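Please look over the sequence and the model below. Then read on for a short tour of its ligand sites and some backbone details.

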Amino acid sequence: MKKRRKRLSILGSTGSIGVNTIDVACAFPDRFEIVGLAAGRNIHRLKEQIRRVRPRCVAVCDEETSRALEKMLSADAQAVEILWGEEGLCRVASLNEVDMVVSAIVGAAGLMPTLAAVEAGKDIALANKETLVIAGELVTRRLKAAGGRLLPVDSEHSAIFQALQGNSPAAVKRLLLTASGGPFFGKNPRELASVTPQAALRHPNWSMGPKITIDSATLMNKGLEVIEAHWLFDVPVDAVVVHIHPESIVHSMVEYVDGSVIAQLGVPDMKIPIAYALAYPERLPVEAPKLDLFAMKALTFYPPDMDAFPCLGLAYRAARIGGTMPAVLNAANETAVEAFLAGRLGFTDIPRLIARVMDAHETKKADTVERVRQADRWARDTAHALLDGAPALSEPMDHHSNVAGPAAH
Ligand code: NAD
Ligand code: MG
C-alpha cells in the first residue's frame with residue numbers, strides 16, 4: 001500500500017535552511033507535502049515559494065508585510081491563507097494536518113512558534129538552536145508531555161544523533177563536538193580586534209545566514225551548540241567537548257565507555273542532515289556531492305583557543321549557571337551581532353558586551369515562558385544601554401568574565 005505523504009510546515013522558509021529544506025522535500029514529491037510556510041520580510045522569495053509548493057497557509061512576521069504579500073498574490077487564482085505576527089507563526093506551526101514542523105527561523109523569534117509545535121505534539125526538525133538555549137528545560141519537559149519528537153537538523157547534532165543509533169545512552173562517555181574554527185582560526189586577539197563584518201561573513205566551509213555566520217566566527221555558534229547538545233542528548237555540559245576540525249568532514253562524534261568513538265562523516269552540505277531529520281529513521285538518496293576520502297589529504301583536530309575566542313567560555317559558563325542565564329547569553333549575543341554587523345561594535349567587543357550583560361544578571365528559574373521572555377527582554381535592554389555608552393567596552397573584561405573552557409578535557 002502507498003504510504004501517506006508526510007505533511008510539513010517550514011518556519012523560516014526563505015532562509016538558508018528553509019530554502020534547502022524545500023529543495024529536499026520537492027525532490028521527493030511522493031514522500032513530502034508542504035502545507036505551511038512562514039518567514040520574516042522576504043516576500044519576493046516567499047511568493048516564488050508559494051507558487052512552487054502551493055501551501056494552504058503562510059505566515060509572515062507583521063501585518064504590513066502580510067498586506068504587501070496579499071497584494072503581490074492578488075493576481076494569482078490560488079487560495080492561500082495569509083497570517084501574520086507571532087500568532088500567525090504559531091498557527092502555521094500547529095496546523096492540524098501537519099505531521100512535522102521544520103523550525104528554521106533565526107534567533108529568539110523562533111521560540112514561540114517552536115513551542116507551539118511542541119505543544120501541538122508535532123515532530124520537530126530543529127535548526128533553530130536558540131530555542132533550546134533559551135528554554136531547553138521548558139521545551140524538553142513539554143515535549144515529553146505532548147509526545148512529539150525532536151530531530152536535530154544542526155549538522156553536529158545530526159552526526160551525534162546518527163552515532164547514537166543502536167547504542168545505549170547509558171554507555172555514552174562524552175560527545176565530541178567538531179567546529180570548523182570559522183574564518184579566523186589561528187588568529188590572536190590583537191589580529192581579531194580589527195576584523196570587519198565583510199571578513200567575518202566569509203565562512204570557509206559553510207554557506208549560511210548572516211547571524212550564524214558571525215556566530216561561527218566568534219565560536220559563539222559552538223557555545224550555543226554545546227548547550228543544544230546538553231538538552232538534546234541529556235548529557236552534562238562538561239561532557240560536551242569541542243574539537244576544532246578545519247576540514248568540516250567529521251561532523252561530530254560520540255565516545256563510549258569502552259573507548260570506542262563513533263563518527264559521522266560527509267561533505268559539508270546541509271541537505272544531508274535536513275534529509276535525515278525529514279525521513280528519520282529512513283535515509284533518502286539526496287543529491288549532494290559525495291565524500292571522496294582519497295582526495296582529502298588529512299583530517300586534523302585541535303583544542304579551541306579559549307582566550308582568542310571567549311564566546312565559547314561564556315556559553316559554558318551560562319550553561320553551568322543555568323536558569324535564565326543561557327537566555328541572557330543568547331539575547332546579549334543577538335544584540336551584539338546586530339551591532340557588529342551595523343558597524344557599531346568591534347569584533348572583540350562582542351564577548352565583552354555579552355560578559356557585561358551576564359555579570360549584571362540575577363539568575364532566576366527558567367520554568368515558565370514568561371520568565372525566559374522577561375530575561376530575554378532585560379538582556380536586550382541592558383545590552384542596548386551598554387552599547388549607547390560604548391567606549392567603556394574597549395576596557396579589558398573583568399577577570400571573572402574571562403572564564404576557562406570545559407573543566408575536563
Ligand atoms: P537565515 O537568516 O538564512 O534565515 C532565517 C529565516 O528566518 C528567514 O526565512 C527569515 O525570513 C526568518 N525570520 C527571521 N526573523 C523572523 C521573524 N521575526 N519572524 C518570522 N520569520 C523570521 O538563517 P539560517 O542560516 O537559515 O538559520 C536559521 C536557523 O538555523 C538558525 O537558528 C541557525 O542557527 C540554524 N542553523 C543554520 C544552519 C545553516 O547552515 N544555515 C546550520 C545549522 C543551524
Ligand atoms: Mg552546526
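This is a predicted model: local features need pLDDT of at least 70, side-chain atom pairs count only at pLDDT 80 or more; totals for chains, interfaces and linings use all residues.

Residues are numbered from 1 along each chain as its sequence is written, chains are lettered from A and ligands numbered from 1 in the order in which they are written, and side-chain values use heavy atoms, with hydrogens and water left out.

**Ligand 1**

Which residues come nearest to ligand 1? Of the 24 residues around it, they are Thr14, Ser16, Gly40, Glu130 and Gly209. A residue is near a molecule if one of its heavy atoms lies within 4 Å of it.

| Residue | Protein atom | Distance to an oxygen atom of ligand 1 |
|---|---|---|
| Ser16 | polar backbone atom | 2.9 Å |
| Glu130 | polar side-chain atom | 2.6 Å |
| Gly209 | backbone N or O atom | 2.8 Å |

Taken alone, ligand 1 exposes 830 Å², and the protein buries 86% of that. Such areas come from the Shrake-Rupley method with a 1.4 Å probe; for residues, only the protein chains shown count as cover. Helices (H or I, at least four residues) and strands (E, at least two) are DSSP runs, numbered from the N terminus. Domain 1 (6-153) and domain 2 (158-394) each supply at least three residues to the shell. Those bounds come from an automatic or database domain assignment.

**The magnesium ion**

Ligand 2 is a magnesium ion. Its protein donors are Asp154 (OD), Glu156 (OE) and Glu225 (OE), at 2.1 to 2.2 Å. Donors are N, O and S atoms within 2.8 Å of the metal (3.2 Å for Na, K and Ca); water is not among the atoms, so sites may look incomplete. In sequence, the donor residues are spaced D-x1-E-x68-E. Asp154 and Glu156 are both buried. Buried means under 20% relative accessible area, exposed over 50%, and partly exposed in between (1.4 Å probe, protein chains only).

**Backbone details**

Most residues other than glycine have a negative phi, and most peptide bonds are trans. Leu219 has a positive phi, near 75°. Leu219 sits in the loop between α10 and α11 (220-233). Is Leu219 buried or exposed? Leu219 counts as buried because its relative accessibility is 4%.

Asp234 also has a positive phi, about 55°. Asp234 lies in the loop between α11 and β9 (240-244). Asp234 counts as exposed because its relative accessibility is 72%.

The peptide bond from Tyr280 to Pro281 is cis, with omega near 5°. Pro281 is in the loop between α12 (271-279) and α13 (310-321).

**A buried serine**

Ser252 belongs to strand β10 (residues 250-256). Ser252 is buried, since its relative accessible area is 0%. A polar atom of the Ser252 side chain lies 3.2 Å from the backbone nitrogen of Thr178.

Note on methods: A polar contact is a pair of N or O atoms within 3.5 Å; within protein, one must be able to donate a hydrogen and the other to accept it, and residues adjacent in sequence count only if both atoms are side-chain atoms.
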